[in-house]
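Please open the structure in your viewer and keep the selection panel at hand. The stops below are meant to be followed in order.

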Amino acid sequence: MSVVTRFAPSPTGFLHIGGARTALFNWLYARHTGGKFLLRIEDTDRKRSTPEAIDAILAGLEWLGLQWDEEPVYQFSRRDRHAEAAQTLLDKGLAYRCYCTPEELDAMREKAKAEKRSMRYDGTWRDRDPSEAPEGVDPVIRFRAPQEGSTVIEDVVQGRVEVANSELDDLIMLRADGTPTYMLSVVVDDHDMGVTHAIRGDDHLTNAFRQTQIFQALGWEPPVFAHIPLIHGADGAKLSKRHGALGVEAYRDMGYLPEALLNYLCRLGWSHGDDEFFDIQQAAEWFDISGINKGAARFDFDKLANLNGRYIDAADNERLFALALPGLEEAAGGALPEEVKSRVLAGMNSLKSRADTIPQLVENALIYVRSRPLEFTEKASTLITPESRALLGELAGDLEAVNDWSEETVDGAVRAFVEKKDLKLGAVAQPLRAALTGTTVSPGIFEVAAIFGREETLARVREVATG
RNA sequence: GACCCCAUCGUCUAGAGGCCUAGGACAUCAGCCUUUCACGCUGAAGACACGGGUUCGACUCCCGUUGGGGUCGCCA
């Protein structure tokens, strides 16, 4: 039987990082097995579901390149089918109408809390005659859960997990307004969609028991469950916004590449030996549920940044330029002249090896964007002394004589100048760097000079030399 | 609180009873390279939570303790 996995987010917010990894694992497993990866939008909560959230989730998956198969299933559109399943259970005596009001339930909850018990519906209407139903109360439909014995799930990540049925109460399947709740919808949809493997967050583990019971009541085979560990923040607590619980678009905006985020997410809770750096196709080839860990993992921005730096290094220059352009234009306060654009592009190889994120790339590229007269950083201005000005003035003469302006010829000219003056290379190269870039940090200064060209280089050097 | 899950360097992890003197990656530190900053290279420091078993032998299996997490909604 061919594998069918699914990602089933509720559209109440963006695609957060934990959801992205859940989607990724489902995608990987489907690709690995040659099966299908389905998308289901769990929008049965009409109050909290929004079209904006749906768009954000779809956009997030697309940005990551996690393409789903077939049309997304919108759960709410299947409400009649869910109600039908509830009716089936009602007919079979495996469900019943409960006339407790939300207020009564609240009271039950309060009481349980006061007695330090976990809240369990007390079964008031489980065996009560419907003729006793109060006037004017729309009933909910509750599942008549087994009270004896236990329910077992054979989780492929967590192993065999068993819970006594006495721990589980009669959950609500249909609300008073007749709409289905999550617990019912998931079961019906997973069955109807032919889902064979439910790979989802560990927080659903306890739900799996109730869902298994519903599957059994309906006479259906539950999917294979794989409850993957959660992602925690750097402090080990639940992932907070401060610690990375952001939408994937926030990672995009922070300058991370999708392939880097994907690689990082793969390694969070899953491993293939000592392999660290690999693309998603490679991961799909290797991916197996047996490689998933049981313990929660902490989110580590440092490692993500390192990985991102490597992917930036490997990325196409034109692509990086396009990603950096908005930031460069913002810094420049307007559109970039063609001349500046080609400088940035020409210097991209060196620029990208120094950047871990796109904002860093932008920052590094700014040396080609700033125009004369240059402003100098504090460190750079300490390099501009009467002596170095004189030196640069002399150097300008030598540079003017350079034929065939290039990194190599500038290099040669400066080294010859250094030798002539019996100086160390740094004594000239550093002031030169300051003069050309206004900073003390940049790619190789001969490369920078080559990119600026003879005219611009001389102009900058002379500007400093003459004070 | 009840139920359930988890536990190897600071972090992500390798490890399926002898291959372990516990390996790799990130981060940290030192050195090399070097015109700066990076990159790169070399090296250092750094972990099996604790206590009992089982076994000739336990990071690996079992039990307990401790610690962490999840769930307990007419949310998903």
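Begin by selecting Thr44 together with RNA strand B: in this predicted model, an N or O atom in the side chain of Thr44 lies 2.7 Å from a phosphate oxygen of the RNA. Select Arg298 next, where a backbone N or O atom is 2.9 Å from a phosphate oxygen of RNA strand B.

Now widen the selection to the residues within 4 Å of RNA strand B. On the RNA side, 69% of the atoms within 4 Å of the protein belong to sugar or phosphate, and the rest belong to bases.

Which helix gives the most to the surface near RNA strand B? Select H18, which contributes five residues and spans 425–437. Other elements that each supply at least two residues include helix H4 (102–114), strand S7 (159–164) and helix H19 (445–465).

For the last stop, select the three strands that form an open, antiparallel sheet in the order S4-S5-S8. Strand S4 (95–98) and strand S8 (172–174) are the edges, each pairing on one side only, and the twist averages 45 degrees from one strand to the next. Between S5 (residues 140–143) and S8 there are two bridges, and Ile141 stands opposite Leu174 in S8.

Definitions and conventions:
Residues numbered from 1 in each chain as written. Chains lettered and ligands numbered in written order. Predicted model: local features only at pLDDT ≥ 70, side-chain atom pairs only at ≥ 80, totals over all residues. Heavy atoms only, no water. Polar contact = N/O pair within 3.5 Å; in protein donor to acceptor, adjacent residues only side chain to side chain. Helix = DSSP H or I, 4+ residues; strand = E, 2+ residues; numbered from the N terminus. Pairing = 2+ DSSP bridges. Axes fitted to C-alpha atoms, helices over the stretch in contact; angles between N-to-C directions.
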